[in-house]
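Have the model open as you read.

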Amino acid sequence: MYKNSAPYKEGGYEELFDAAESASIVGEEMVRYSESLDRLRSYQAGVDYASERSRLEGIQEGMEKGKKEGMKAGKEQIAVRMIKSGMPDMMIFNITELPLEKIRELRSGLEDKE
């Protein structure tokens with residue numbers, strides 16, 4: 001009925017438009033209209049819930065990924081200090097649990113800088 005009312009509904013006038021639309025409806029049409037409105041609101045609540053849940057899951061995944069990356073970077077910094085102090089690769093591996101390949105890569109990177 002109110003095809004161009006979308007901008008006004010977004011402005012908080014939705015209840016007024018609902019009342020105006022329902023004022024011209026009687027009997028069974030009013031029941032169908034009310035049920036339709038309930039379904040629409042239920043659907044919107046479901047969409048809002050799913051959206052919020054997805055957002056929270058995304059935040060959680062990001063935090064877990066950041067934590068893992070931070071721990072890895074911390075281990076690499078410790079390994080660099082150990083390399084600089086002259087520790088052998090196997091000892092660094094046993095302490096940091098970094099792959100030997102990564103330890104050798106770090107060592108090689110330090111040697112290239114010298």
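Predicted model: local features only at pLDDT ≥ 70, side-chain atom pairs only at ≥ 80, totals over all residues.

Residues are numbered from 1 along each chain as its sequence is written, and side-chain values use heavy atoms, with hydrogens and water left out.

**The α2–α3 pair**
- Helices here are DSSP runs (H or I, at least four residues), numbered from the N terminus.
- Helix α2 spans residues 27–84 and helix α3 residues 89–96; their axes (lines fitted to C-alpha atoms over the stretch in contact) come within 10 Å and cross at roughly 150°.
- That makes α2 roughly antiparallel to α3 (angles over 145 degrees, on a scale from 0 to 180 degrees between N-to-C directions).
- On the α2 side, K75, I78, A79, M82 and I83 meet I92, I95 and T96 of α3, contact being heavy atoms within 4.5 Å.
- By class, this contact has 6 nonpolar, 1 polar and 1 charged residues.

**E76 in α2**
- E76 sits in helix α2 and counts as buried at 17% relative accessibility (buried means under 20% relative accessible area, with a 1.4 Å probe and protein chains only).
- Leaving aside neighbours within four places in sequence, E76 is in contact with L98, K102 and L106.

**The buried face of α3**
- D89, I92 and T96 are buried in α3.
- Seen down the axis of α3, its buried residues fall within an arc of 60°, so they line one face of the helix; the arc is that of the directions from the axis to the C-beta atoms.
- These buried residues pack against α2 and α4 (100–113).
- Just after α3, E97 takes a positive phi of about 65°.

Technical notes:
Helix = DSSP H or I, 4+ residues; strand = E, 2+ residues; numbered from the N terminus. Parallel < 35°, antiparallel > 145°, perpendicular 65-115°, else oblique. Nonpolar A, V, L, I, M, F, W, Y, C, P; charged D, E, K, R; others polar. Buried < 20%, exposed > 50% of the residue type's maximum accessible area, 1.4 Å probe, protein only.
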